[in-house]
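Here are some notes to read beside the model.

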Amino acid sequence: MLHYQIIPVTHYQQNCTLLWCDQTRDAAVVDPGGDVERILAEAAALDVKLSQILLTHGHLDHVGATAALVKRLGLPVIGPHADDLFWINLLPQQAQMMGFVPVEGFVPTRLLNHNDRVKVGNTELKVLHCPGHTPGHVIFFDPESRLAQVGDVLFKGSIGRTDFPRGNHQDLLNSIRERVFPLGDDVRFIPGHGPMSTFGHERATNPFVADKNFG
């Protein structure tokens with residue numbers, strides 16, 4: 001069974017998450033945007049072994065601590081989709097734009113495509129390519145625990161911004177309606193910022209993507 005611990009990091013309060021398999025204690029850190037020491041302290045407190053970094057997309061508040069974790073632990077970097085490499089290559093400009101201290105760059109070990117699989121211990125996560133907020137955004141879904149890590153695709157009561165370079169509002173709506181919601185109303189999701197929700201709750205109440213908006 002997959003377990004999780006949300007760790008809000010940086011002044012953006014981005015939901016970095018530890019995901020781990022309760023059988024093996026192997027863990028992935030998803031979207032380490034910053035605050036490396038806090039992430040490592042949480043992993044130690046939970047007695048889990050960090051084995052990989054999973055990235056939903058290339059924005060700095062989601063990837064800012066990646067290079068530091070690679071340097072410290074030698075972890076492989078899994079994701080995002082290749083269409084977000086330009087964001088990773090623009091880390092210096094992102095730091096200036098978003099008010100972050102400059103961070104080192106990195107090269108993903110493995111880029112992801114739609115319907116890929118990623119293993120965390122004995123748990124297999126399904127990868128869905130969900131462009132819109134960024135062109136190479138992916139989400140991670142565990143069918144067994146009915147848990148999804150959706151980055152900045154969807155929030156409780158809102159959706160991701162699409163006014164950044166290569167963002168696309170219609171693509172984002174299509175990703176949510178055609179790829180995210182079909183996973184099931186019962187699925188709980190961890191967004192990139194803010195509280196958790198379920199896909200069913202968002203289908204019923206979200207002002208941007210509720211069923212009532214689509215006839």
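This is a predicted model: local features need pLDDT of at least 70, side-chain atom pairs count only at pLDDT 80 or more; totals for chains, interfaces and linings use all residues.

1. The largest core. The largest nonpolar core has 28 residues, and those that touch the most other members are Leu18, Val29, Leu50, Ile53 and Phe106. At least two residues of this core come from each of strand S1 (2-9), strand S2 (14-21), strand S3 (26-30), H1, strand S4 (49-54), helix H2 (60-63), H3 and helix H5 (91-98). The element that gives the most is H1, with four residues. As a general rule, nonpolar side chains in soluble globular proteins tend to be buried together.

2. Around Ile53. Which residues is Ile53 in contact with, leaving aside its neighbours within four places in sequence? They are Val29, Pro32, Thr66, Leu69, Val70, Leu75, Pro76, Val77 and Ile78.

3. A second core. There is also a second, separate core of 19 residues. Val150, Val153, Phe199 and Val209 are included in this second core. Phe199 comes back in point 8, as part of a ring pair.

4. The S1-S2 hairpin. S1 and S2 form a hairpin, with four residues between the two strands. Their pairing is antiparallel and runs over eight bridges. In the turn, Thr10 has a positive phi of about 65°.

5. The six-stranded sheet. Six strands make an open sheet in the order S6-S7-S8-S9-S12-S13, and their pairing is mixed. Which strands stand at the edges? They are strand S6 (117-120) and strand S13 (197-198); each has a single partner strand, so one side of each is left without a neighbour in the sheet. S13 pairs with strand S12 (residues 188-191) in the antiparallel sense over two bridges. Within that pairing, Phe189 stands opposite Ser197 in S13.

6. In one of them, the rings of Tyr12 and Phe100 have centres 5.4 Å apart and planes at 55°, so the pair is tilted. Tyr12 lies in the loop between S1 and S2, and Phe100 in the loop between H5 and S6; the pair links distant parts of the chain, 88 residues apart. Are the two residues buried or exposed? Tyr12 is partly exposed, with a relative accessible area of 34%, whereas Phe100 counts as buried at 14%.

7. A stacked ring pair. Phe189 and Phe199 form an aromatic pair that is stacked, with 5.2 Å from centre to centre and 15° between the planes. Phe189 lies in strand S12 and Phe199 in helix H7 (residues 199-205), so the pair ties together parts that are ten residues apart in sequence. Phe189 counts as buried because its relative accessibility is 0%. Phe199 is also buried, with a relative accessible area of 0%.

8. Other ring contacts. Phe86, Trp87 and Phe164 are linked into a cluster by ring pairs. Elsewhere, the charged end of Arg177 sits over the ring of Phe214, 4.5 Å from the centre of that ring.

9. Salt bridges. How many salt bridges does a search of the whole structure find? The search finds eight. In one of them, Arg72 is joined to Glu37, with the closest N and O atoms 2.8 Å apart. This pair links distant parts of the chain, 35 residues apart: Arg72 is in helix H3 (residues 66-73) and Glu37 in helix H1 (residues 36-46). Arg72 counts as partly exposed, at 48% relative accessibility.

10. Arg117 and Glu124 meet through their side chains in a salt bridge of 3.7 Å, N to O. Arg117 is partly exposed at 37%, and Glu124 is partly exposed at 41%. Asp211 forms a salt bridge with Arg203, with 2.5 Å between the closest N and O atoms. Salt bridges that share partners join Arg177, Asp185, Arg203 and Asp211 into one network. Arg177 in this network is the residue whose charged end sits over the ring of Phe214.

Conventions: Residues are numbered from 1 along each chain as its sequence is written. Side-chain values use heavy atoms; hydrogens and water are left out. A salt bridge is a side-chain nitrogen of Lys or Arg within 4 Å of a carboxyl oxygen of Asp or Glu. Buried means under 20% relative accessible area, exposed over 50%, partly exposed in between (1.4 Å probe, protein chains only). A nonpolar core is a set of buried Ala, Val, Leu, Ile, Met, Phe, Trp, Tyr and Cys residues joined through side-chain atoms within 4.5 Å. Contact means heavy atoms within 4.5 Å. Two strands pair if DSSP finds at least two bridges between them. Rings of Phe, Tyr and Trp (its six-membered ring) pair if their centres lie within 6.5 Å; planes under 30 degrees apart count as stacked, over 60 as edge-to-face and the rest as tilted. A charge sits over a ring if NZ of Lys or CZ of Arg is within 6 Å of the ring centre and within 35 degrees of the ring normal.
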